[in-house]
Amino acid sequence: MSDGLRAQVGQLARRSVLRTLRQPAQFVPALIFPLFLLAVNSGGLKDATNLPDFPTDSYITFAVAVTFMQGALFSVMNSGTDLARDIETGFLNRLALTPLHGAALLTGLLAGSIVLGVIQGVVYLVVGVAGGVEVAAGVGGAVVLVLLSVAVTTAFGTIGMFAALRSGSGEAVQGLFPVFFVFLFLSSSSLPLDLLTTDWFHAVATINPVSYLLEAFRSLLIEGWNAGELALGFGIAAAIFAIGMTAAARSLKTRLVRT
Amino acid sequence: MANDSSNNGSGSAGIEAIGLVREFKKGPRAVDGIDLRVEPGEIYGFLGPNGAGKSTTVLMLTTLLPPTAGTARVGGHDVVSEGPQVRSAIGAALQEAALDPLLTGTEHMRLQTALHGIGKGERERVGNELLERVGLSQAADRKVGGYSGGMKRRLDLALALAHRPRILFLDEPTTGLDIQSRTALWQEVERLAAEDGVTVFLTTQYLEEADALADRVGIIDHGKIVAEGTPAELKAEIGRPTVEAVPRDPAQRQRTIEVLGGFGECAETDHKGGSVQLAGGETELAEVVRALDSAGIAIESLNLHAPSLDDVFLAKTGRSLEGAEEAEAESEEAAAEGAPA
């Protein structure tokens with residue numbers, strides 16, 4: 001990476017992080033809402049642990065994986081809404097008039113998602129452990145949990161950027177939230193895949209990549225070290241990142257119509 | 001104010017457009033075959049009502065919108081095939097200062113200078129220098145969300161100057177500003193052209209702005225340039241000044257009209273007096289005063305109306321600039337309601 005490109009990425013990343021930290025109204029709900037749902041679900045569904053073959057006797061340990069996923073969904077909103085606002089206000093035109101490299105813009109913007117992923121990962125983990133969550137993989141596993149949280153948050157962030165660049169509208173980005181929520185709902189979020197007895201639901205959850213992201217989180221929390229589950233989780237996050245980033249880069253070319 | 005230069009309009013710091021057109025798929029021809037030439041160091045005022053095609057022209061000249069037809073060279077580079085070279089030569093403050101309300105003035109400067117490839121050691125110095133020049137040193141560490149409209153415009157200007165461009169595009173830079181902020185911005189623009197030799201392409205819908213600031217003015221209406229020249233040339237083209245005299249004693253009105261008639265065809269006015277277009281220009285005003293005095297007419301008021309750019313706009317388009325604004329607004333309203341415009 002050349003010095004110029006490094007400086008561009010650095011400054012845009014700095015802006016993205018500052019924007020994230022200076023908008024508590026944006027990131028605080030991303031912290032509180034998933035934790036609130038965790039409290040409700042772990043209280044209301046704790047009897048699910050009595051089901052035969054349920055992998056743990058602590059439902060909160062099972063459910064906290066969903067909290068990480070919900071947090072990641074918020075990153076779609078944050079990265080996408082920020083970029084859509086730049087388009088709507090003309091700030092992107094200001095950037096377009098500089099020798100800005102498209103890759104620097106996208107990479108820099110993701111810095112905000114990465115910071116959000118770290119904050120979310122640490123807060124969910126600390127609050128979860130305080131509430132009874134166990135991490136079977138130990139301290140090292142906790143670190144990998146946060147890394148996985150960052151990977152998933154960043155991957156989903158690219159989809160937010162794509163939506164913003166494609167639509168140029170903050171409202172359109174926010175309209176994605178229910179869609180992602182449906183994906184989360186139609187996964188192994190409430191029960192392990194093996195225990196989903198309704199055929200169509202089991203089939204949908206099985207092909208839903210969100211299920212495998214959840215399994216990766218759960219493997220660290222419930223089983224300990226499971227290389228296969230982790231590889232699948234990180235692999236799916238990488239695939240989402242690659243697809244999202246490619247789509248965002250293409251849309252950026254269309255959006256930045258400079259000659 | 002234009003610098004003497006052997007460079008032609010498309011030279012190192014000039015602007016030249018030939019037959020520039022921009023059509024939108026489902027809209028009108030926003031820019032309809034514009035030819036213009038701005039010499040290095042010149043302040044060129046692009047005057048016209050809302051929707052006339054000013055901003056679309058700026059977007060094409062700044063490489064942000066490809067032309068449908070025609071060619072344009074900015075700073076010696078073609079806007080279509082040499083976009084990066086054009087962008088490195090220009091600075092632009094586009095309509096509505098596009099700033100991040102969550103960043104401070106200093107942070108904006110740091111980002112802008114970094115994106116322009118200014119070395120790390122230089123960034124702070126350049127940023128501070130420009131913020132001081134536009135009078136924002138005291139507010140440099142405040143978030144832009146708390147800035148006034150004038151402060152935002154000044155920061156916008158500082159950002160446009162971050163990489164020392166030879167050509168500056170200002171798209172309606174003083175719209176919505178109070179007179180004090182407007183004057184301060186005019187002074188800075190004049191200084192840039194006079195001292196730094198920066199070529200300034202300024203769009204405006206304010207007659208007085210074009211009149212006060214521009215070396216030459218292009219008047220645009222419905223995507224076409226309808227008049228071009230120095231403000232004085234344009235005014236001279238459409239007529240001579242008019243003097244209006246109102247006698248203190250209403251009984252002397254007829255006598256006043258007779259005296260004024262000696263200088264040209266006199267018309268009665270609504271203000272209990274008469275007016276005449278001075279065939280010899282404003283230098284005849286003294287003679288008018290002497291003639292009225294010799295005739296023993298005590299004068300209540302005497303006004304000299306110089307032709308304005310609005311008169312030029314009226315002469316070229318059949319509408320006043322103000323009327324054109326209103327018509328444009330009505331047309332947009334009608335279009336929004338689905339009624340025939």
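1. Two residues are taken to be in contact if their C-beta atoms, placed from the backbone, lie within 7 Å. On that basis, and bearing in mind that this is a predicted model, the contact between the chains draws 23 residues from chain A and 25 residues from chain B.

2. On the side of chain A that touches chain B, helix H1 (3–21) and helix H4 (91–96) each supply at least two residues, and H1(A) gives the most, with 7 residues. Sorted by class, this side of chain A holds 9 nonpolar, 9 polar and 5 charged residues.

3. Within chain A, helix H3 (residues 59–89) and helix H10 (residues 209–223) have axes that come within 9 Å and cross at roughly 130 degrees. The two helices, H3(A) and H10(A), are therefore oblique to each other, and their crossing is right-handed.

4. The residues that meet at this crossing include Phe62(A), Val66(A) and Met69(A) from H3(A), and Leu213(A), Phe217(A) and Leu221(A) from H10(A). Taken by class, the contact of H3(A) with H10(A) has 12 nonpolar, 1 polar and 1 charged residues; Thr61(A) on H3(A) and Arg218(A) on H10(A) are also among the residues that meet there.

5. In chain B, a reader may wish to look at Val79(B), which is found in the loop between strand E5 (77–78) and helix H2 (83–89). A residue counts as buried if 20 or more other C-beta atoms lie within 10 Å of its own, and Val79(B), with 29 other C-beta atoms within 10 Å, is therefore buried. The C-alpha atoms of Val79(B) and Met60(B) are separated by 7.4 Å, although these residues are 19 residues apart along the chain.

How values were computed: Residues numbered from 1 in each chain as written. Chains lettered and ligands numbered in written order. Predicted model: local features only at pLDDT ≥ 70, side-chain atom pairs only at ≥ 80, totals over all residues. Helix = DSSP H or I, 4+ residues; strand = E, 2+ residues; numbered from the N terminus. Nonpolar A, V, L, I, M, F, W, Y, C, P; charged D, E, K, R; others polar. Axes fitted to C-alpha atoms, helices over the stretch in contact; angles between N-to-C directions. Parallel < 35°, antiparallel > 145°, perpendicular 65-115°, else oblique. Left-handed = near helix turned anticlockwise from the far one by under 90°. Buried ≥ 20, exposed ≤ 12 C-beta atoms within 10 Å, placed from the backbone.
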